[in-house]
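Dear colleague,

Please find the structure below, together with an account of what was found in it.

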Amino acid sequence: MISEPKKIAYAFVPPSLFLLLLWSIALLQWDLGWNLWQWGIAPRKVEGLYGIALHVFIHSGIYHLLANSVPLLVLGWLLFYFYADIAPKMFVWLCLLPGLFLWVAGRPGWHVGASTLIYGLMFFLFWSGIIRRHAPLVAVSLVVIFLYGSIVWNMFPIAELVNADTSWEGHLGGAVVGTVLAWVYRRHGPQREVHFEDEDEEMPETPETDGMPAAETGGSGPNPESPPSFSGEGGQQFGQIVDKHPDRDSQQNDSEKLA
């Protein structure tokens with residue numbers, strides 16, 4: 001059994017290695033003067049198909065990569081810690097499928113950067129917690145929306161008003177893919193515990209005995225020889241006791257005494 005501190009530390013390993021790869025590529029690109037734009041996504045062009053798989057590894061500059069590094073580390077850790085069983089599969093899908101969306105629906109030009117992955121992670125984590133209704137995962141959803149809720153505006157055309165180079169289509173693609181994957185894999189990974197009651201252990205229902213004579217409820221009733229007793233207003237009859245004694249006068253029929 002892995003201890004909790006080790007589990008927390010292990011969840012940092014995959015996103016940290018991914019970030020190390022991104023920074024290694026970026027440093028080589030800038031140090032050697034490589035032009036890797038052609039490995040990005042060019043929507044609806046054959047030469048841009050490679051970018052569906054490779055666009056997340058390429059960034060336009062150091063500030064672009066710096067802006068993506070912290071969200072990748074935080075959201076990646078949340079994915080690999082809380083959804084460890086399905087995290088590798090989700091990470092791969094969130095790298096590829098938003099790129100396909102961007103290739104189909106993006107504006108002309110070259111689209112690069114891991115922001116499609118960031119939006120995919122954010123929306124997958126948010127909707128997975130809401131759909132599963134599992135308290136720890138709902139808490140993760142709230143943390144995600146608290147930390148990164150403000151960036152949702154960058155997945156709409158309004159983002160062009162702030163920065164014309166923003167690939168809002170890629171952000172939108174990540175959000176759509178993350179939401180769809182949260183629904184498709186809702187029955188995989190951690191689930192809310194459901195408790196079932198054992199019917200055999202339920203206490204049997206007991207009849208109400210308030211206002212009922214003891215003779216009808218199995219208790220110790222009055223002696224048949226005792227005089228009748230009445231309860232309620234106007235002599236309301238609550239029960240009957242039959243008094244049969246063969247040694248009494250034969251002319252006296254079996255009488256019913258009100259109890």
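Is Glu169 buried or exposed? Glu169 has a relative accessibility of 2%; because this is under the 20% cut-off, the residue counts as buried. Please note that the model is a predicted one.

Salt bridges

Glu169 takes part in a salt bridge with Arg107, in which the closest N and O atoms are 2.6 Å apart. This pair connects distant parts of the chain: Arg107 sits in the loop between α4 and α5, Glu169 belongs to helix α8 (residues 168-184), and 62 residues separate them.

Arg107 also forms a salt bridge with Glu160, where the distance between the closest N and O atoms is 3.3 Å. Here too distant parts of the chain are linked, since Glu160 is in helix α7 (residues 159-162), 53 residues away from Arg107. The count of salt bridges comes to 2, and Arg107, Glu160 and Glu169 are linked in a network of them.

His111 and its surroundings

The loop between α4 (87-105) and α5 (115-132) also holds His111. With a relative accessible area of 7%, His111 is buried. The side chain of His111 makes a polar contact of 2.7 Å with the side chain of Ser167. Leaving aside neighbours within four places in sequence, the residues in contact with His111 include Glu169, Ser167, His55 and Leu102. Gly40, Ile41, Pro43 and Gly106 are also in contact with His111.

The largest pocket

By class, the lining consists of 15 nonpolar, 15 polar and 2 charged residues.

Which helix gives the most to the lining of the largest pocket? That helix is α3, with 5 residues. At least two lining residues come from each of α3 (62-82), α5, α7 and α8. Two of these helices also carry partners of Arg107: Glu160 lies in α7 and Glu169 in α8.

Yours sincerely

How values were computed
Residues are numbered from 1 along each chain as its sequence is written. This is a predicted model: local features need pLDDT of at least 70, side-chain atom pairs count only at pLDDT 80 or more; totals for chains, interfaces and linings use all residues. Side-chain values use heavy atoms; hydrogens and water are left out. Helices (H or I, at least four residues) and strands (E, at least two) are DSSP runs, numbered from the N terminus. Buried means under 20% relative accessible area, exposed over 50%, partly exposed in between (1.4 Å probe, protein chains only). A polar contact is a pair of N or O atoms within 3.5 Å; within protein, one must be able to donate a hydrogen and the other to accept it, and residues adjacent in sequence count only if both atoms are side-chain atoms. Contact means heavy atoms within 4.5 Å. A salt bridge is a side-chain nitrogen of Lys or Arg within 4 Å of a carboxyl oxygen of Asp or Glu. Ala, Val, Leu, Ile, Met, Phe, Trp, Tyr, Cys and Pro count as nonpolar, Asp, Glu, Lys and Arg as charged, and the others, Gly among them, as polar.
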